Amino acid sequence: MNIVVLVKQVPDSGADRNLRTDDNTVDRGSANNVINEMDEYAIEEALKIKEAHGGEVTILTMGPDRATESIRKALSMGPDKAVHVVDDALHGSCAVTTSKVLAAALGTLGADLVICGAESTDGRVQVMPHMIAERLGVAALTGARKLTVDGGTLTIERQTEEGYEVVTASTPAVVSVWDTINEPRYPSFKGIMAAKKKPVQTLSLGDLGVAPAEVGFEGATSAVVEHSKRPPRSGGAKVTDEGEGGVKLVEFLATEKFV
Amino acid sequence: MSEVLVVVEATREFGVKKVTLEMLTLARQLGTPSAVVLGGPGAAEALSVKLGEYGAAKIYAAEGEEIDGYLVAPKAGVLADLVRRVQPAAVLLAGSQEGKEIAARLAVKLDNGILTDVVALDADGTATQVAFAGSTIVKSKVTRGLPLVTLRPNSVNPEPAAAEPAVEQLAVAVADTDKLAKVVQRVAEQKGSRPELTEASVVVSGGRGVGNADNFKLVEELADLLGGAVGASRAAVDSGFYPHQFQVGQTGKTVSPQLYVALGISGAIQHRAGMQTSKTIVAVNKDAEAPIFELSDFGVVGDLFKVVPQAAEEIRKRK
């Protein structure tokens, strides 16, 4: 099975994250940039399918030059190769135009199965798998906590607010996964060394037949008008329990009319 | 007044969800709300009274096995046809997994911008979003097409405004390309009478400090006394204390209740990402230096196994 995993480089969600003041995009220059956490689960799932059914795993990333670091990190887990869509004109692209570029890139790769994380930790928009599936005219099985592959038939379990759904489709398809699906492996030393030699193909907008005006700020379908830091919460009263902590807690709740 | 489409979210068990009432309330500030029910046979009938109570002037109903039997694509198809026909001033969907997925397909079908996790929307289409774990407030606009937004639950105070909606049945012709992901089974899991986590006004969450799955009864007891939902930190979920669907945080649910009670939760950034826009936060933790206290309006430094039972007893006394 020919599997493509979408990997996004994001600013580390464990550190302070900002939007740039000059053009309102995510500040990647001063951030510690890492693989989007959920994508590691997507990579793991792809590797497990390859191990069970054979095939090839390709990483697909759209991002600036520095996303190469995340691509090498992804490859160190075990995928065979990577494709990096990189072009200065992409800066400022919205979700809708990003899906256009990723769909065009996927069109060149002929994947049976596209796996991605259910959302990225920076935007948390959760729309990419359905946008890509809509453009490619293939099935989207999203929010998987379990994925089974039986020949060309894919079946997922997806958590809902009322319980869970079992959803099935035939390949080709896009599957998105939550972090409940598996436990991603750590790259081995051998994997890290091997990743340095794995092929990484770069594609420009020209290679994909997408005009620069269709992407970036010019092609964007939405725009950030302004942004500001939310004033940090300040801690209020703190009492040490000396036998009356529970009562004091309820007294506070009562003054706030919760009790 | 121009028409604003509100895509109804409802559950089989409880009917119209609170976020739908929030969307209807918001829609009334932008124009005249029309509710859109996309569901199985007879779905609109069961919901129409409630939708009318909150000001739906009209209900569009697209019902049938074909709407409900596949993952979101048929719903997006019907909705796209409706938007092309009525040219609404805006389209509002719930900020849930399904709401975002329908919106995603609609955006591509219409080549229209999309704004997610919106907490407020002005009449001129300017949306307010909360980004980066609640640390950044963003104002943004759709610059191509109409305002297509998903509303984060608990952002608007739902206010009734009686209307008597006429129901218009929409023709349902689902394209084969929208029938690729078939729902073969829906399994209801025991939930009890607690409110849904993202919609609850009160959330009581337990963390690693709760110690084990059995002790989560304490968390549940306090939640029930406060009429709230139960949440859990990632540490508690990873340790197997509580099921994943109740996880609050960066890789779980984002909640924004009136009251958030954190029990035995240190307040790692992973957790804060999912709860720091809560209106009031209280915490019980034995570590006085736990970061959760930095955002708590009231904190108790102490053993939760002593503090929580005493608090529960005190609430019972006051009832």
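Residues are numbered from 1 along each chain as its sequence is written, while chains are lettered from A and ligands numbered from 1 in the order in which they are written. Because the model is predicted, local features need pLDDT of at least 70 and side-chain atom pairs count only at pLDDT 80 or more, whereas totals for chains, interfaces and linings use all residues.

**Exercise 1. State how many helices and strands chain A has, and what share of its residues is buried.**

Step 1: Helices (H or I, at least four residues) and strands (E, at least two) are DSSP runs, numbered from the N terminus, and chain A has 8 helices and 13 strands.

Step 2: A residue is buried if 20 or more other C-beta atoms, placed from the backbone, lie within 10 Å of its own; in chain A, 47% of the 259 residues count as buried.

**Exercise 2. Describe how chain A meets chain B.**

Step 3: Strands pair if DSSP finds at least two bridges between them, and strand 13 of chain A pairs with strand 17 (residues 298-301) of chain B in the parallel sense over 4 bridges; A:Lys238 has B:Gly299 as its bridge partner in strand 17 of chain B.

**Exercise 3. Work out how chain B is divided into domains, and how the domains touch.**

Step 1: The bounds come from an automatic or database domain assignment, which gives domain 1 (3-178) and domain 2 (202-318) of chain B.

Step 2: The centres of these two domains of chain B, taken over C-alpha atoms, are 32 Å apart.

Step 3: In chain B, 5 residues of domain 1 are in contact with 8 residues of domain 2.

**Exercise 4. Locate the largest nonpolar core and follow B:Val6 within it.**

Step 1: A nonpolar core is a set of buried Ala, Val, Leu, Ile, Met, Phe, Trp, Tyr and Cys residues joined through C-beta atoms within 7 Å.

Step 2: The largest such core has 130 residues, and those with the most contacts inside it include A:Val5, A:Leu141 and B:Val6.

Step 3: Leaving aside neighbours within four places in sequence, B:Val6 is in contact with residues including B:Met23, B:Val36 and B:Leu92.

Step 4: A second, separate core has 50 residues, including B:Val203 and B:Ala311.

How values were computed. Two residues are in contact if their C-beta atoms, placed from the backbone, lie within 7 Å. A residue is buried if 20 or more other C-beta atoms lie within 10 Å of its own, exposed if 12 or fewer, and partly exposed in between; C-beta atoms are placed from the backbone.
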